[in-house]
Amino acid sequence: MQLYYADASPYARKVRACAVVLGLSDKIEIIDVTGTPVNTGSMPVDVNPLGKVPCLVTDRDEVIYDSRVITAYLNASVNGTLYPEGQDKWSKLTLEATGEGMMDAALSMVYEKRVRPAEIVFDDWIEGQWTKIARALVEIEKRWVDDLSGSITAAQIALGCALGYLDFRLDDRNWRDGHKTLAAWYEEFSKTDAMALTAPQG
Ligand code: GSH
């Protein structure tokens, strides 16, 4: 399989981290690409019309994109346990969506500063996106602490990669302030192979 990948992308990291847990790393060739919506660079526009990473080309030449679809595919391909069935299945999927929503908000903040010309940067937009992340941090500590223990799930990986991206691109926001429980979890979770082997190099 081939995975179109960008080192800084938290979504791409999520796929790779899931592959580590599933024992699939050796089966995936990483193709590093770069680009943005305004300069597509080497992004995989020929295989993904959205021009985004991650994007997986399977051994059967099927193209699969959107990180959640890819992680579900990889998990199914080896009967993995990243998506446990059970009463709290929907809650776990919602935690995964929350992690991804944090990535969406953070990436939107980063694009606003790095891609948009300085004279038309919209500060209220940036703050609005940060508010989403701030609310999510509060909610995760209220609702999902129990889901953060036990064997690794796609939801935990999504959250870990979202927090890792905050450290990588938005560390001045000090997300740990007021979130000791989450900070302590992340400290330990960062040491797992899934996270340690996929940390952005910068
Ligand atoms: N929902 C998508 C997923 O989960 O895979 C989001 C992927 C995404 O936005 N990736 C960014 C990207 O490819 C990199 S972090 N940006 C280029 C673009 O939007 O044109």
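Helices (H or I, at least four residues) and strands (E, at least two) are DSSP runs, numbered from the N terminus. With these names in hand, we can walk through the model. It is a predicted model, where local features need pLDDT of at least 70 and side-chain atom pairs count only at pLDDT 80 or more, while totals for chains, interfaces and linings use all residues. Residues are numbered from 1 along each chain as its sequence is written, and side-chain values use heavy atoms, with hydrogens and water left out.

Start with a loop. Asp66 sits between β4 (63–65) and α2. Asp66 is not a glycine, yet its phi is positive, at about 85°. Val53 and Pro54 are joined by a cis peptide bond, with omega at about 5°. Most residues other than glycine have a negative phi, and most peptide bonds are trans.

Now step back to the chain. It is divided into domain 1 (2–77) and domain 2 (89–196); such bounds come from an automatic or database domain assignment. The C-alpha centres of the two domains lie 20 Å apart. Across the boundary, 15 residues of domain 1 are in contact (heavy atoms within 4.5 Å) with 19 residues of domain 2.

Next, look at a helix pair. Helix α1 (residues 10–22) packs with helix α2 (residues 67–77) at an angle of about 10°, and their axes are 9 Å apart. Axes here are lines fitted to C-alpha atoms, for helices over the stretch in contact, and angles run from 0 to 180 degrees between N-to-C directions. Angles under 35 degrees count as roughly parallel, over 145 as roughly antiparallel, 65 to 115 as roughly perpendicular and the rest as oblique. α1 and α2 are therefore roughly parallel to each other. On the α1 side, the contact is made by Tyr11, Lys14, Val15, Cys18, Ala19 and Leu22. Ser67, Arg68, Ile70, Thr71, Leu74 and Asn75 meet them from α2. By class, the residues of this contact are seven nonpolar, three polar and two charged. Ala, Val, Leu, Ile, Met, Phe, Trp, Tyr, Cys and Pro count as nonpolar, Asp, Glu, Lys and Arg as charged, and the others, Gly among them, as polar.

On a 1 Å grid over the protein atoms alone, a cavity is a set of points where a 1.4 Å probe fits but cannot get out; a pocket is an open set with protein on both sides within 12 Å along at least five of seven lines; lining residues have an atom within 4 Å of a point. Grid points are joined across faces, edges and corners, and a volume is the space filled by probe spheres set on the points.

The structure has one cavity of 30 Å³ or more. The largest cavity has a volume of about 40 Å³. Among its lining residues are Asp7, Pro10, Arg13, Cys161 and Tyr165. Helix α5 (154–169) gives the largest share of this lining, three residues. Both domains give residues to the lining, so the largest cavity lies between them.

The largest pocket holds about 940 Å³ of space. Of the 35 residues that line it, Gly35, Met43, Val53, Leu107 and Tyr111 are the closest to its centre. Two or more lining residues come from each of α1, α2, α3 (89–114) and α5. The largest share, seven residues, belongs to α3. The lining divides into 17 nonpolar, nine polar and nine charged residues.
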